[in-house]
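I put down each item as I came to it.

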Amino acid sequence: MSTPKLRLVPPVEQPADGLLRSWAQRNSDRTTPETPPAVGQLRFAFYGRVSTEDHQDPVSSRAWQRTRAEALIAGAGRITVEFFDVGRSRVLPWAARPAAAALIAALADPDREFDAIVVGEAERAFYGPQYEQMAPIFARHGVRVWVPDVGGPVDPEIGSLEELMALLGILSKREIVRARIRTVTSMTILTEKQGRFLGGRAPFGYRLVPIKPHPNPTHARWGRMQLGLAPDPTTAPIVEWMFAQRLAGMSYARIARALNDAHIPTPSAADRERNRHRAGLAWTVTSVAAILTNPRYTGHEVWQRTRTDHELIDPANTTLGHRDQVRHNRPDQWIISTDIAHTPLVSTADFIAVQGMRARPDAAKHEYLLAGLLICSACGRRMESCYANDHPGYRCRHGQNSATSPQNPRRLTYVREDRVLEHLAAMLIRLRMSEHTDDPPRRPIHEPATPTASETITFLRHNAITLTYNSDAKTLTANTPEKESIAI
Ligand SMILES: [Zn+2]
């Protein structure tokens, strides 16, 4: 009977450890260096890192990282020098973390005081492809990295580097992934099966009310109620009106202006207690769009409309590290409750119709023949193309914002396109007449005596001539030295 050898094995916490352990075991016969250094004599540089994102005290975090590192190298050697980064995120590359950068610099020193590197936790040292980036440097200086998660030194010369990197990638991201899987799973069940309100504040148009006893019997016994959404008597009609206007072809900007003109409180103003940090005094295109694209107004509970991507700042330069980016998921990635969870403010059919439409599809298709050619005489701005009352035209808001309702509104300047076109040929006749007296001529043109509107437009664009529209005098004036003018 031989005494079984005791081996310190970290407690099994998660399946990912098991995966890693089995991989490490398959490779255990190959991780021993060909020329092993004298066992017990190795000098180690300890690398650790703590950042504020961990919500950890740097002193205790450093202590347990170092303890884990010392446990790993017990019998192999001792730590002779320490490199520890405080307040540096894992997404930063090594060169951007001061202690890690110092460690890289020390590698090149032939008199350095260490033979190997040990870390307390792989994911603290290497995020994503960082090990892959650093491995050639370690190899060049003959230094191996000891990692507790692997159970010893990592030898990049053996085994599949890709496999190793995939595992290190899993390690570095596993907490994020685990948390996401846990959340997504429970949220999916709650949303799909129960259509439960998942917290947060009620969308504009709704308010939170107790709807039934809490599903947890203990909470229910205490008289706690499950909260749900119910239409708010004041704001629900506004949401219904907004969907109706959009269905009728009104643009987001026009809806915003109409709401501001009617002094309808914005979602932020309506929920002042929760939004004290936001100004939110006026409706904007963004706040209108946020409501008209929110599927929860159909009465369904919807989750996962956004996600946080952890991505490379520049895929062409991996050393720049990562950043978090909140993105909108495609609707096919949404989790939608099977049943109606709360009173709808818009029918599902109408909601879908609104998502597919643009303001006035016919307006979008129309080609504005005079785009860029007309200047507003009141303010000197270029007039903008607009489609109103089934006619293309041009308008100027004199610099006023599209969504705000100004204190002292000036009347808009507006002119219909067909009204300009029917008089435009007269402008070309005038321009040609003055052209023949010019010295030298601007551009010799030999055209028939009675020009058309489109010839005039071509001439104006060729010669970079703009027309200033005076809405009081109903005149168009060319910006030529002669200031040719026509009445329209
Ligand atoms: Zn103007």
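Predicted model: local features only at pLDDT ≥ 70, side-chain atom pairs only at ≥ 80, totals over all residues.

**Entry on helix α11**

I began with helix α9 (residues 252-261) and helix α11 (residues 285-292), whose axes come within 8 Å and cross at roughly 105 degrees. Angles of 65 to 115 degrees count as roughly perpendicular, so I noted α9 as roughly perpendicular to α11. On the α9 side I listed Tyr252, Ala253, Ile255 and Ala256 as making the contact, and on the α11 side Val285, Val288 and Ala289. Sorted by class, the residues of this contact are seven nonpolar, with no polar and no charged ones.

I then asked myself which residues of α8 meet α11. Helix α8 (residues 236-247) and α11 have axes that come within 10 Å and cross at roughly 95 degrees, and the two helices are therefore roughly perpendicular to each other. The α8 residues I found are Val239, Met242, Phe243 and Arg246, and they meet Val288, Ile291 and Leu292 of α11. By class I recorded six nonpolar residues, no polar ones and one charged residue in the contact of α8 with α11.

**Entry on helix α15**

Next I looked up burial along helix α15 (residues 453-462), where the buried residues are Ala453, Thr456, Phe459 and Leu460. Viewed down the axis of α15, these buried residues fall within an arc of 120 degrees, so I wrote that they line one face of the helix. On the face of α15 turned away from the buried side I found the exposed residues Ser454, Arg461 and His462. After α15 comes Ala464, for which I noted a positive phi, near 50 degrees.

**Entry on the five-stranded sheet**

I traced an open sheet of five strands with mixed pairing, in the order β2-β1-β3-β4-β5. At its edges stand β2 (77-86) and β5 (152-154), each with a single partner strand, so one side of each is left without a neighbour in the sheet. Direction ignored, neighbouring strands of this sheet are turned by 30 degrees against each other on average. I followed strand β4 (residues 144-147) to β5 and found antiparallel pairing over three bridges, with Trp146 standing opposite Pro153 in β5.

Two helices lie across strands of this sheet. Helix α2 (residues 58-73) lies across β1 (42-50), β2, β3 (116-119) and β4, and runs at about 150 degrees to β1. Helix α3 (residues 98-107) lies across β1 and β2, and I recorded its direction as about 135 degrees to β2.

**Entry on the four-stranded sheet**

My last item was an open sheet of four strands, again with mixed pairing, whose order is β12-β16-β17-β18. The edge strands are β12 (374-376) and β18 (485-487), each of which pairs on one side only, and the twist from one strand to the next averages 30 degrees. Strand β16 (residues 467-470) runs parallel to β12 and is joined to it by three bridges; I noted Tyr469 in β16 as the bridge partner of Cys376.

Key. Residues numbered from 1 in each chain as written. Axes fitted to C-alpha atoms, helices over the stretch in contact; angles between N-to-C directions. Parallel < 35°, antiparallel > 145°, perpendicular 65-115°, else oblique. Contact = placed C-beta atoms within 7 Å. Nonpolar A, V, L, I, M, F, W, Y, C, P; charged D, E, K, R; others polar. Buried ≥ 20, exposed ≤ 12 C-beta atoms within 10 Å, placed from the backbone. Arc of directions from axis to C-beta. Pairing = 2+ DSSP bridges.
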